[in-house]
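The questions below go through one structure, part by part.

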Protein chains: 2
Amino acid sequence: MKRLNIQIIFDRQPGRIGPGKVRLLELLAETGSIAAAARAMSMSYRQAWLLLDEINGLYDNALYETQHGGQGRGGATLTDLGRQVVGEYRGFEAQCLALLDQQFPQLALPQRRARSGSTSESAGGH
Amino acid sequence: MKRLNIQIIFDRQPGRIGPGKVRLLELLAETGSIAAAARAMSMSYRQAWLLLDEINGLYDNALYETQHGGQGRGGATLTDLGRQVVGEYRGFEAQCLALLDQQFPQLALPQRRARSGSTSESAGGH
């Protein structure tokens with residue numbers, strides 16, 4: 001019914017983490033390959049590599065590791081830190097969505113007034 | 001140091017609310033005019049009007065009201081609902097940021113490891 005698109009924007013580093021980079025890391029973990037993850041997101045290998053490089057630049061330790069193949073496009077896996085960042089992002093997203101539903105009724109359900117104002121006679125009557 | 005860019009995306013209505021539309025509503029309240037709010041965001045009157053129309057479409061009641069001027073560009077004010085939506089968005093944003101800092105350390109402070117690993121001798125020591 002609704003979802004969030006949350007970007008975390010760092011001013012100092014600088015850089016940002018959002019659903020695109022997180023999804024790319026997830027796909028990298030699922031496919032074991034930067035090229036396959038890029039394809040799954042309909043982006044070029046170079047584009048995916050630049051996104052991964054940007055997110056890696058936010059951290060002192062790598063979020064993923066590559067095993068060098070013939071053309072430098074061998075397998076890739078997330079590091080413990082990479083898995084932790086992805087897990088935290090998804091947890092953060094879920095908790096924000098719960099917070100929205102629990103505490104911000106107008107923002108969460110903009111058409112609530114329409115429903116409360118409409119009759120319910122047509123539903124389940126005898 | 002860091003900030004969030006949160007879009008709430010509704011699948012049914014359809015539409016979305018994010019920092020751009022919320023800022024436009026705030027500027028409309030501050031300036032009392034769609035044209036002035038548009039200028040403050042470096043967008044055309046038409047662009048601002050389309051954004052306002054889109055957010056109004058999410059609700060059954062208006063978020064702002066206009067007083068008709070000579071060319072339909074008279075003053076504009078937020079309705080109670082408009083003020084409520086803006087207030088909830090800013091409250092939601094602040095609570096998400098607090099949640100991030102409190103519960104998601106890697107996501108909140110990607111370079112934390114660097115700081116804890118560096119020496120603090122240079123700061124104020126003798």
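Q: Read along the sequence, what pattern does chain A follow?
A: This is a predicted model, in which local features need pLDDT of at least 70 and side-chain atom pairs count only at pLDDT 80 or more, while totals for chains, interfaces and linings use all residues. Residues are numbered from 1 along each chain as its sequence is written, chains are lettered from A and ligands numbered from 1 in the order in which they are written, and side-chain values use heavy atoms, with hydrogens and water left out. Helices (H or I, at least four residues) and strands (E, at least two) are DSSP runs numbered from the N terminus. Chain A has six helices and four strands, and its pattern reads β-β-α-α-α-β-β-α-α-α.

Q: In what order do the four strands of the open sheet stand?
A: Two strands pair if DSSP finds at least two bridges between them. Strand 1 of chain A and strand 1 of chain B pair in the antiparallel sense over nine bridges. Three bridges join strand 1 of chain B to strand 2 of chain B, and strand 1 (residues 2-10) of chain A pairs with strand 2 of chain A over three bridges. The pairing in the open sheet is antiparallel, and the order is 2(A)-1(A)-1(B)-2(B).

Q: Which strands stand at the edges, each with a single partner strand?
A: One side of each edge strand is left without a neighbour in the sheet, because each has a single partner strand. These are strand 2 (15-17) of chain A and strand 2 (15-17) of chain B.

Q: Which residue stands opposite A:Leu4 in strand 1 of chain B?
A: Bridges link strand 1 of chain A to strand 1 of chain B. Among the facing pairs, A:Ile9 stands opposite B:Arg3. The residue opposite A:Leu4 is B:Ile8.

Q: What is the bridge partner of B:Ile8 in strand 2 of chain B?
A: A hairpin joins strand 1 of chain B to strand 2 of chain B through four residues, and the two strands run antiparallel. The bridge partner of B:Ile8 in strand 2 of chain B is B:Ile17.

Q: How many of the nine residues of strand 1 of chain B are buried?
A: Buried means under 20% relative accessible area, exposed over 50%, and partly exposed in between (1.4 Å probe, protein chains only). Strand 1 of chain B is largely enclosed by the rest of the structure, because the number of its residues that are buried is seven.

Q: At what angle do the axes of helix 1 and helix 4 of chain A cross?
A: Axes are lines fitted to C-alpha atoms, for helices over the stretch in contact, and angles run from 0 to 180 degrees between N-to-C directions. The axes of helix 1 (residues 19-31) and helix 4 (residues 80-103) of chain A come within 10 Å and cross at roughly 130 degrees.
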